[in-house]
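The sequence and the model are shown first, and a description by topic follows.

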Amino acid sequence: MKFAIYAQNYKPNYKEIVERLVRAVQPHNATVIFEKEFYNLLQENKVLDFEYETFSSHADIDDDTSFFVSIGGDGTMLRAANFVKSKNIPIVGVNTGRLGFLANVQQEAIGFLIPLLFSNQYTLSRRTLLQLDESTEAATNFSVNFALNEITISRKNSTSMITVETYINNEYLATYWADGIIVSTPTGSTGYNLSCGGPIITPDSNCLVITPIAPHNLTTRPLIINDRSKIRMKVTSREPEFLLSLDSETTNVENASNIEISLSNHTVNMVEFPSVTFLKTLRSKLFWGEDKRN
């Protein structure tokens with residue numbers, strides 16, 4: 001087996017995490033490679049005793065790589081998806097952040113959970129992605145044209161609302177007066193969507209949710225739609241531009257531009273262990289059912 005390991009930066013506790021990871025795979029004669037910039041940080045901090053191969057981009061990762069290990073929070077998992085893209089390499093998230101819905105392997109559980117990969121004691125959670133259609137001019141402004149969590153339209157340099165004329169499969173839905181609009185995948189439903197009052201959706205649901213951000217239309221509520229739907233939006237505002245985001249990457253877009261959103265033609269596979277399922281994460285992270293009567 002081959003493991004690719006990645007983190008966005010280096011923190012003091014990463015030394016123990018990397019050492020635990022290496023110890024967990026060594027008895028199984030697995031090959032380990034590191035993302036180059038992260039590897040250099042590990043070398044500078046004298047974490048590794050041996051030299052390892054490195055990768056710098058999606059193209060450097062062999063198709064036969066067994067698992068991609070992401071060290072960090074959910075934001076790091078989103079960047080990990082950029083490395084994997086359409087290779088369908090399962091992603092294992094080691095959580096060093098706060099909440100950790102995607103990165104759900106805790107540091108202290110590495111020695112117990114990682115060996116389960118070698119005995120196939122895990123499942124793959126297929127996560128759908130959103131993309132901007134090629135007809136959307138702004139699509140070329142992004143380094144990667146897909147979003148694991150959400151695509152967001154929001155106001156720029158103004159406290160005034162924007163107006164978002166919205167169509168689903170070429171049928172007029174509504175004109176939103178709001179600070180913005182979130183189009184979220186089930187994976188992203190526990191992120192920005194949740195903060196704005198949207199519903200939590202289980203990862204295996206074949207749907208998307210459109211959630212307005214601080215809407216002035218008081219009867220406007222989040223809307224769940226089939227994930228095969230094509231969404232088209234047109235923005236007007238007092239400012240000449242608005243903001244368009246794919247997960248954490250944002251660009252400026254001129255008013256009156258058509259934003260066309262649809263499901264991506266590939267998915268990302270997340271590793272899920274029996275002891276760390278989505279529903280168990282809901283209970284442990286969001287304290288569902290936490291009541292003294294229980």
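## Helix α6

Which residues of helix α6 (residues 278–285) are buried? They are Phe278, Thr281, Leu282 and Lys285, where buried means under 20% relative accessible area, exposed over 50% and partly exposed in between (1.4 Å probe, protein chains only). The C-beta directions of these residues from the helix axis cover an arc of only 105°, which puts them on the same side of α6. In general, an α-helix has 3.6 residues a turn, so residues three or four places apart point the same way.

The buried residues of α6 pack against β5 (91–95), β6 (105–106) and β19 (268–272); contact means heavy atoms within 4.5 Å. Helices (H or I, at least four residues) and strands (E, at least two) are DSSP runs, numbered from the N terminus. Just after α6, Phe287 takes a positive phi of about 60°.

## Basis of the description

The model is predicted: local features need pLDDT of at least 70, side-chain atom pairs count only at pLDDT 80 or more, and totals for chains, interfaces and linings use all residues. Residues are numbered from 1 along each chain as its sequence is written, and side-chain values use heavy atoms, with hydrogens and water left out.

## Aromatic pairs

The whole structure holds 14 aromatic pairs. Rings of Phe, Tyr and Trp (its six-membered ring) pair if their centres lie within 6.5 Å; planes under 30 degrees apart count as stacked, over 60 as edge-to-face and the rest as tilted. Phe55 and Phe83 form an edge-to-face pair, because their ring centres are 5.6 Å apart and their planes stand at 85°. Phe55 belongs to strand β3 (residues 53–55) and Phe83 to helix α3 (residues 74–84), so the pair ties together parts 28 residues apart in sequence. Both Phe55 and Phe83 are buried.

Another edge-to-face pair joins Phe67 and Tyr122, at 5.5 Å centre to centre and 80° between the planes. Phe67 lies in strand β4 (residues 67–72), and Tyr122 in the loop between α4 (110–113) and β7 (123–127), so this pair links parts that are 55 residues apart in sequence. Phe67 is buried, with a relative accessible area of 1%, whereas Tyr122 is partly exposed at 22%. Elsewhere, Tyr10, Tyr14, Phe34, Phe38, Tyr39 and Tyr52 form one aromatic cluster.

## Pocket and cavities

The largest pocket has a volume of about 280 Å³ and is lined by 14 residues, of which Arg79, Asn82, Ser143, Val144 and Glu249 lie nearest its centre. Helix α3 gives the most to this lining, with four residues. On a 1 Å grid over the protein atoms alone, a pocket is an open set of points with protein on both sides within 12 Å along at least five of seven lines, and a cavity is a set where a 1.4 Å probe fits but cannot get out; lining residues have an atom within 4 Å of a point. Grid points are joined across faces, edges and corners, and a volume is the space filled by probe spheres set on the points.

Three cavities of 30 Å³ or more are found in the whole structure. The largest cavity holds about 90 Å³ of space, and its lining includes Phe278 and Thr281. Strand β19 gives the most to the lining of the largest cavity, with three residues.
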